[in-house]
Amino acid sequence: MFGFAIRRLLQAMIVMLVVALLAFTLFRFVGDPVNQMVGIETSIEEREALRERLGLNDPIPVQFFRFVTDAARFDFGTSYQFRQPVSDLFAKRIPATLELSFMSALFALVVGIPMGIYAGLNREAALSKLFLSVSLVGISLPTFFIGILLIFLFSVTLQWLPSFGRGEVVEVGSWWTTGFLTISGLKALVLPSITLGLYQMTLIMRLIRAEMLEVIRTDYIKFARARGLPDRIVNFRHALKNTMVPVITITGLQLGSIIAFATITETVFQWPGMGLMFLQAVQNVDIPIMAAYLLLTAFLFVAINFIVDILYFVIDPRLRIGRA
Amino acid sequence: MNKLNLGLASAILATGLTASAAHAETLKFAFQGALNQLDPYSLNETFTLSALGNVYEGLTRRNENLEIEPSLAESWEVVEPNRWRFHLREGVKFHNGNDFTAEDVAFSVERLHGEGSDLAKRVGSDVKVEIVDDHTVDFVLAGPNPILHYEWDTWYIMDKEWTEANDAVAITSASDTTPNYAALHANGTGPFKLVSHEPGVKTVYEKYDGWWDEATHNLDGVEFTPIGSDATRVAALLSGELDMVYPIPVQDVKRVNDNAGTMAMTGPELRTIFLGMDQMRDELIYSDVKGKNPFKDVRVRKAFYQAIDIEGIKRKIMRDLSTPSAIMISPFLFAKSGDFERLPYDPDAAKALLTEAGYADGFSVGMDCPNDRYVNDEAICQAVASMLARIGIKVDLNAQPKAKYFAKVLASGGFDTSFYLLGWTPGSFDSWNILDNLIQCRDEAGKGGAFNLGGYCSAEVDALADKILVENDPDKRDALIAEAYTLSNNDVAHIPLHQQGLAWGVAEGVELAQRADNQFHFRFVTKN
């Protein structure tokens, strides 16, 4: 068990290093940061001096080494645009992204599971067909388009919900801000959560429907019905329980991608999270923020995969025997 | 602030007053970019300076028509050709209660010249500051300079005591590892105090009751949110969540006007959009013409000029929100600009010129263009490419984000371009800035006209520019400027296209002044 974990950990570190190298190399091609940091009338000498101070004139391997060693200490440097430490900026933006991700995952589960069960049990019902076609929209339309559509319906036309921002936020503790405690904060969460969660909702609904159709055909369900158990018990206790295993796996893995890919939704709704900061950083060639975001995302996926691997090991006895 | 609002609202309810009575007004507005940091000397960029201009003030300021008026300096005079005397306003207090004195002015000059300053040119490095008394300052120049104070409306005076006490004398530089106090806090003399600032999220201002001038606005506070997405920004205005947003994309102007309760304010901006051609290299980098540079021939440059249907661009691409321009500066900024006329649009004449120059079959040329910098920049370049195709010029368009575009075409990229589109607003609102940056000769490293990317060079124009720099008589100066523009126009040094338009979205009941330099000052706002 211990050796397995160490091996996994080493692999994870190699992945992180490769991502760091990729990120670092990519930034050579996004443009000149100095041009974004100064006004257009700044003289060439001043630009050159700034370049020197930022260490952009050092040899590439030196820059890479500095980047990796600093990153290992969670020091991502100072943002070119904001002139503040990148780690502070991320700390301020993380609550917004996590709250949004949590709400969209919740939305996906709470709406997706009942829809999936219904569609699985009542294949031929008109409502099931409607669910299926609606979910097709969720998968096929691009996120930003769905977001803009929702804004125009619920903000501009009906004026029920805000079109941007987090509303009023309340500070909880020294570093967390939450929108859960105010009316405007909760209202602001609705549209972005739906936009971000729509894809996952569709995925979960279709998954459950397919699993349900599968399970209902199995022998033990037939036996249960033959024993005269009521439909409710058969459907929910016996059938649904067995469809949940893949759903839980998928939901766990999808949570990572919800957090990592909230970028577009955050941009459409001007949601002050990490993704928005990342996109603004790309436009302004703010290399320290871009680097930190890519590493953070990679870290998130590596960490989730690592935990899943360890869990498999704990759950599946065959793995343990194989190693022994 | 919110508590205050609530308190006032309940007071109004309690006394049965209607909403039309004078009460607390908060202006909520959005801009496409963020206010990244608050140090007034670390970024020479319109929005940053405009947002800070509500908190800080300069010795001078500009009114809604961009005319210079006294601000922290009550008056000034040129006592000797090289000595300017500024009489400072008495009784002015910074937001923290400190008095504004000559010491602060001298300190602000010193800090302006510190390392990492992006505005050092606001006061020439050879200018000496002499404190005469607490409220009189002399600026001693190395030579006459008629436009010494033209850019001082955005050179903000900082409080010496406050800056020193907070260890913020050094300018916030991007290479710093700890944030500078002045990058996150502000202490000026202006009509609004900074309440809170979360970079990229929200900035809150509050009215400063101790302001020296009589407030013509009726605001108690201002809330600024950056909204990057055009569609969201427009939606936030249409839904009534915001009182003002800018800019509005030209294609949305009609929607904003058609919507009840909002309207689009449009007007000309100072920025001139133009095309430039590499006239320096002996062979173009991006062309099928080898061994020579066709742009060295004035007939080719003129052919390019006359092939462009500027009215078509105005109608189709700019939706009438542009002003075709015959010179490289906005007519607002040069009194004699009415004397100039564009070369007529005439593809046949253009074709004839090309034939005369020996390019009867045309040639190919690569064109560089930004796609996220100016209004519809890429669309303009595409239109230019198709217009040039009609006279046999094959344009290979390379449109890319500004970060990549500027890295390629500016001095740092070695002026790596043959044909490009660029926009320019003279920071000083004066033609000398245009001559100095865009028209004067430069060497290969960029010494001289650093943004003269095509490297146009005329000894005559340069000689005129030198005279303009030191001519104190306004009429003579204007005549010299006109002469310089005539010469460079005859040479087709650049192809001026237009001044792009401004489009701001405003909710009903909000009155404000739209300055042509795209600065938004809260002191011109009233909200009912």
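Here are a few questions and answers about a predicted two-chain model.

In this predicted model, local features need pLDDT of at least 70 and side-chain atom pairs count only at pLDDT 80 or more, while totals for chains, interfaces and linings use all residues. Residues are numbered from 1 along each chain as its sequence is written, and chains are lettered from A in the order in which they are written.

Reader: Which helix of chain A supplies the largest share of the side that touches chain B?
Author: Contact here means C-beta atoms, placed from the backbone, within 7 Å. By that rule, 41 residues of chain A meet 44 residues of chain B. Helices are DSSP runs (H or I, at least four residues), numbered from the N terminus. With 5 residues, the largest share comes from α7(A).

Reader: And within chain A, which helix gives domain 1 the largest share of its side touching domain 2?
Author: The bounds, from an automatic or database domain assignment, are 2-72 for domain 1 and 89-323 for domain 2. Between these domains of chain A, 18 residues of domain 1 are in contact with 16 residues of domain 2. On the domain 1 side, the largest share, 10 residues, belongs to α1(A).

Key
Contact = placed C-beta atoms within 7 Å. Helix = DSSP H or I, 4+ residues; strand = E, 2+ residues; numbered from the N terminus.
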